[in-house]
Amino acid sequence: MLFGHELAWKEQDIYDEIYENSIQNFNEFWAFHSKDIAFSRQPSSIFDKATGKWLSGAAGNICYNCVDKHAIATPKKPAIIWHGDLPGERELVTYSELLNKICSISSILRLSGIKKGDVVAIYMPMVPDAIAAMLACARIGAIHLTIFAGFSPSALAYRIEMSNAKILLTYKKASRSGKTIDLLGNCQKALSEIKGKTPKILVLDDEDIYLNVSINRDVVECDSDDNLFILYTSGSSGKPKGIIHSGLPFLLYAATTFKFIFDAKSDDVYFCTSDIGWITGHSYIAYAPLFQGLSIVIFEGNPTYPSPDRYWDIIENESVTLFYTSPTALRTLQAFDENYIKSRDLSSLRILGSVGEPIDEKTWNWFFEAVGKRRCPIVDTWWQTETGGIILAPLLDLKRQKPCVVGKPFFGIAPKIIDAKDEFSLGRLTITNKWPGMCSSILYECPEDIGACVNIFNKNYLKDGLFLTGDGAFYDTDFDIKVTGRLDDVLNISGHRLSSAEFEDAINKVRGVKECAIVPVAHEIKGQAAFAYVVKSDNVSDEELRNEIASALRSGIGPIARPDFIAFVHDLPKTRSGKILRYLLKDIAANKQCTIKDLSSLCNKESIDNIMAETRRCLNGI
Ligand code: WT7
């Protein structure tokens, strides 16, 4: 059958034919691939237009599909190979051992009273237990909420409170670059900030919690619209919002995209450098690769500690075939002596992937040449927490490799670039139809009021039935798509998605700050850095206020929110109605000349000279 064609993501002609077919026969395409999933009850429909539901009537269990299946068929096969902060720290977990870990954790959760639909927060480092914890939730129908272990106690508290998590799973500590992070301490601090009911903390690296637990191996049957997880991400306004994904449709999308775009085969060794705190760590670490029965390599440390060859060492020693990483990591690594990479045997590599932000041409070329030795196609995959899986990616055709192009829509996806001047100009990337990986709902400061959440979702994402991605994009002359990054007030710092509103909230709380505005500026390694414009209310010293602001951001969001530039200005550029004109500040920070047209909505023109002078001082480090 054509829908499963071996060369579907490899040859343009075959891709074109299947793509057309998948759009015309949308239900048939997804029905074909849904057969990969072991359902306990078959779906009665694939996509129901009237209700917007996927796989109606179906039931099954995600954990069974990702682990039990393989623990029965290939129990001794490595499921997870962990590498720790220091070279030589390694643990291999087979599929049968992974199942045991999962069942221990799910039994403890059951004993703690967790039932189907309850939320379990996970604040853990990149260790096999973290993935086991996610799958343990899936096994009993609980909803997991992972929180990146680099987030501060306040950021952790916010997410726990908003989602009503009943249990918080953690480790005593994590190691990063030789330093110890006190995760349990952070959890306790977070709980002390929560006003209402607090979750119980379970420490998974404490042997005692496993004592006297009788292991229950049952799986809970879940319907296709039962939710699998919540994951917080930043939007263009206000607080982070919880993106909710339902289980079986999400798995169908993650697994099908992975199978085609990474050409995943069961004997592949797959190394993804993301973290379970982000969506990549869900779709393409915990779920799709295990579903396909691959061996996955995870890494808890820092790619440059203690030396900048950690990735190359892991690829060589584990004979990694598929390597999925981020532009920010690659930009960091290409700055080091080429011998770190030249001295390693990377010949096992077959396909390279990039995700998280636009990759620049220099970095793409280095990835292609130094890492892939011109042998491995690069898939620059574009997607979002909301989309659940890859939406755009180039074909796996070595002859047609082009830097920095995210390429083609996945099967069944119909993107549209709106508001562009002509066919090849920059416009807003939208998606005109539905796909199974699309999030089911969002949580936004209203966990009890689902109606309000639906309204916020519609307001934020939908316009005339189009899904608005927030990114700018254009077509090149081969009709391949190029994505330029966010067009809204979202910053992408080292692949971490943060909104200017979150920064501003934290800074505005500092005594001595009257108001502020945050804009992104280009940064050589991080992609973007945060530039803060601050108006003082009191006569505090610049130095003092700078320190206060940095510490407010560290405690409000986490170390990732360190502002690179803080300029103290007399006034912010505003419209007559008092709206801050961030795009003007963005242009000024980028050293672009503001045109007269740009200034037309500005009411306090006199603010500009001072802002320009302070920007220059800041960028020049004086
Ligand atoms: C935003 C989504 C997708 C998993 C990790 C990030 C940017 C992501 C690319 C790419 C250009 C990209 C977009 C998007 N982005 N991948 N290949 N090229 N931009 O998920 O945290 O939800 O962030 O990341 O701006 O909107 P996320």
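Predicted model: local features only at pLDDT ≥ 70, side-chain atom pairs only at ≥ 80, totals over all residues.
Helix α13 spans residues 361-371, and its buried residues are Thr363, Trp364, Trp366, Phe367, Phe368, Ala370 and Val371. The cover over these side chains comes from several elements, including the helices α10 (310-318), α11 (327-333) and α12 (339-342). Strands contribute as well, among them β17 (322-325), β18 (351-354) and β19 (378-380). Just after α13, the backbone at Lys373 adopts a positive phi of about 50°.

Turning to charged pairs, the structure contains 38 salt bridges. One of them joins the side chains of Asp263 and Lys10, with an N to O distance of 3.1 Å. This pair bridges distant parts of the chain, 253 residues apart: Asp263 sits in the loop between α8 (247-261) and β15 (269-272), while Lys10 belongs to the segment before α1 (12-24). With a relative accessible area of 9%, Asp263 is buried.

A further salt bridge pairs Glu221 with Arg41 at 3.9 Å, N to O. Because Glu221 lies in the loop between β11 (200-203) and β12 (222-223) and Arg41 in the loop between α2 (26-34) and β1 (47-48), this contact ties together parts 180 residues apart in sequence. Glu221 is partly exposed at 41% relative accessibility, and Arg41 is likewise partly exposed, at 37%.

Lys342 and Glu338 also form a salt bridge, their closest N and O atoms lying 3.0 Å apart. Here Lys342 is exposed, at 53% relative accessibility, whereas Glu338 is partly exposed, at 49%. Finally, salt bridges with shared partners connect Lys10, Asp263, Lys265, Asp268 and Arg350 into one network.

Note on methods: Residues numbered from 1 in each chain as written. Heavy atoms only, no water. Buried < 20%, exposed > 50% of the residue type's maximum accessible area, 1.4 Å probe, protein only. Helix = DSSP H or I, 4+ residues; strand = E, 2+ residues; numbered from the N terminus. Contact = heavy atoms within 4.5 Å. Salt bridge = Lys/Arg side-chain N within 4 Å of Asp/Glu carboxyl O.
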